[in-house]
Amino acid sequence: MMAVTIEARRLRLKGEVSIFEAPALKHAVTQTLMQERGLVLDLSEVTFVDSGGAAVIAHAVRMARELGIPQSDVRLEGASRPIQRLLFITGLSQFFPATMPDGPDQIQ
């Protein structure tokens, strides 16, 4: 189960981000990007992300590009080691280099 708190362009997520929560999160991401012209996904209280959650992150990158929003205005914050690893494995880390402060070589 996931909870989302929306504060301007920041979405604070709490709990598990799974395929079950993905549709609601995708809607929140879409609305935030369209209205705020940027997005910060705060993952500091996220305990789990599966492929559905990763797909929403990919959607955010794709939609920002389509809307002409600079990649620097779409950020992830507070990603735990397991989430950093998921980002690396899926290739999403290339869009969020600041999310992986130790670099991909340090994630195991």
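Which strands does helix 2 (residues 51-67) lie across, and at about what angle does helix 2 run to strand 3? Helix 2 lies across strand 2 (10-17), strand 3 and strand 4. Helix 2 runs at about 170° to strand 3. Axes here are lines fitted to C-alpha atoms, for helices over the stretch in contact, and angles run from 0 to 180 degrees between N-to-C directions. Contact means heavy atoms within 4.5 Å.

The model is predicted: local features need pLDDT of at least 70, side-chain atom pairs count only at pLDDT 80 or more, and totals for chains, interfaces and linings use all residues. Residues are numbered from 1 along each chain as its sequence is written, and side-chain values use heavy atoms, with hydrogens and water left out.

The chain contains three helices and four strands. Both are DSSP runs numbered from the N terminus: helices are H or I of at least four residues, strands E of at least two. Along the sequence the pattern is β-β-α-β-α-β-α.

The four strands form an open sheet in the order 1-2-3-4, with mixed pairing. Strand 1 (2-7) and strand 4 (74-77) stand at the edges, and each has a single partner strand, so one side of each lacks a neighbour in the sheet. On average, neighbouring strands of this sheet are turned by 20° against each other, direction ignored. Two strands count as paired if DSSP finds at least two bridges between them. Strand 3 (residues 39-49) pairs with strand 4 in the parallel sense, over four bridges. V40 stands opposite R75 in strand 4.

Of the 108 residues in the chain, 44% are buried. Buried means under 20% relative accessible area, exposed over 50%, and partly exposed in between (1.4 Å probe, protein chains only). The chain exposes about 6000 Å². Carbon and sulfur atoms supply 54% of that area. Accessible areas come from the Shrake-Rupley method with a 1.4 Å probe; for residues, only the protein chains shown count as cover. Among contacts in the chain with a separation of 6 or more, 63% join residues 24 or more positions apart.

Most residues other than glycine have a negative phi. A8 is not a glycine, yet has a positive phi of about 55°. A8 is exposed, with a relative accessible area of 52%. R37 also has a positive phi, near 60°. R37 is partly exposed, at a relative accessible area of 37%.
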